[in-house]
Amino acid sequence: MNFHQLHIFYTVSEQGSFSAAAQRLHMTQPAVTMQVQALEDYFGAKLFDRSSKKIVLSEAGQVLLPYARRSIQLIREADQAMSAFTHMLEGRLQLGASLTIGEYVLPRLLGPFGKAYPNISIMMKVMNTSQIIEEIHKHQLNFGLIEAPVSHPAMVFEPVMGDELKLIVPREHPLADKEEVTLAEALQYPFVLREQGSGTRRVMEEQMLDKGLDPGAMRVVMELGSTGAVKSAVEAGLGITIISASSVKHEVTLGLLKIVNITDASFKRQFYAIHLKSTLLPISAVTFLTFLREHTDEW
């Protein structure tokens, strides 16, 4: 028995067929079948019931599955622990990032990461969460970074770094002279917001509901599909907004926009890494995610 066989067994159990597991593992179906049979020979017991069209775990397979899952998790933890010693790593990382992360968070961290790991090249696609999941499924991306977890049976979600949404107003706005306001005070003014379904919009609306406020009561004068467009609209005086504080650092420094604290609401959230359950991340990807966790205060 070896870890490779356990990983194949686990993937077959997750996918429900040898052909799907072979595609996921970039192996031929006969090779997958042979490795599972070798594992069955080792234990002297059948691990799958092949009597139906979709294979299911046998009683012995059900007993083995949690051990296989734990072995995979242990390997992942070992990769993470050893990532601090792998500065000579080489390779190409392909990742997807949602809008706020890809446009405003990662650019500040890619430079320091490149200096620490000069032999790792990164190809990043900025896209929405559904597109990221689709490309991970097709093995076109190693992993993704998204602004909110979603329910998906084939994916693993891990928190990577924290973020906080803030009230953003233009410099000539009546609230610009205040350091802090209540949420009720802010809601007296028209808003420019991200589109429905975006991670930013979801976090804001969930916090309002927690405070007993109806998001539908907001005076939304404009909904826009990117944080950059929202910032431009606010800067032009079309309304105020609630977006990630990390996305307005440049404009705040130039005095174009002002961050105003809301005293009775906190719009904190987590950014998540997402990848396939059945696929082990390369050590270069584990190293990158570990780097993000360790440098979360630098952006």
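How much space lies in the largest cavity? About 40 Å³. This is a predicted model, where local features need pLDDT of at least 70 and side-chain atom pairs count only at pLDDT 80 or more, while totals for chains, interfaces and linings use all residues. Residues are numbered from 1 along each chain as its sequence is written, and side-chain values use heavy atoms, without hydrogens and water.

**The cavity**

The whole structure was searched, and one cavity of 30 Å³ or more turned up. A cavity is a set of points on a 1 Å grid over the protein atoms alone where a 1.4 Å probe fits but cannot get out; lining residues have an atom within 4 Å of a point. Volume is the space filled by probe spheres set on the points, which are joined across faces, edges and corners.

L193, R194, T200, R201, M204, T241, I242 and I243 line the largest cavity. Three elements each supply at least two of its lining residues: β8 (191-194), α8 (199-210) and β10 (241-244). Helices (H or I, at least four residues) and strands (E, at least two) are DSSP runs, numbered from the N terminus.

**Two helices**

The axes of α1 (residues 3-15) and α2 (residues 18-25) come within 8 Å and cross at roughly 120 degrees. Axes are lines fitted to C-alpha atoms over the stretch in contact, with angles from 0 to 180 degrees between N-to-C directions. Contact means heavy atoms within 4.5 Å.

| Helix | Residues in the contact |
|---|---|
| α1 | H7, I8, T11, V12, Q15 |
| α2 | F18, A20, A21, R24, L25 |

By class, this contact of α1 with α2 has six nonpolar, three polar and one charged residues. Nonpolar covers Ala, Val, Leu, Ile, Met, Phe, Trp, Tyr, Cys and Pro; charged covers Asp, Glu, Lys and Arg; the others, Gly among them, are polar.

Technical notes
On a 1 Å grid over the protein atoms alone, a cavity is a set of points where a 1.4 Å probe fits but cannot get out, and a pocket is an open set with protein on both sides within 12 Å along at least five of seven lines; lining residues have an atom within 4 Å of a point.
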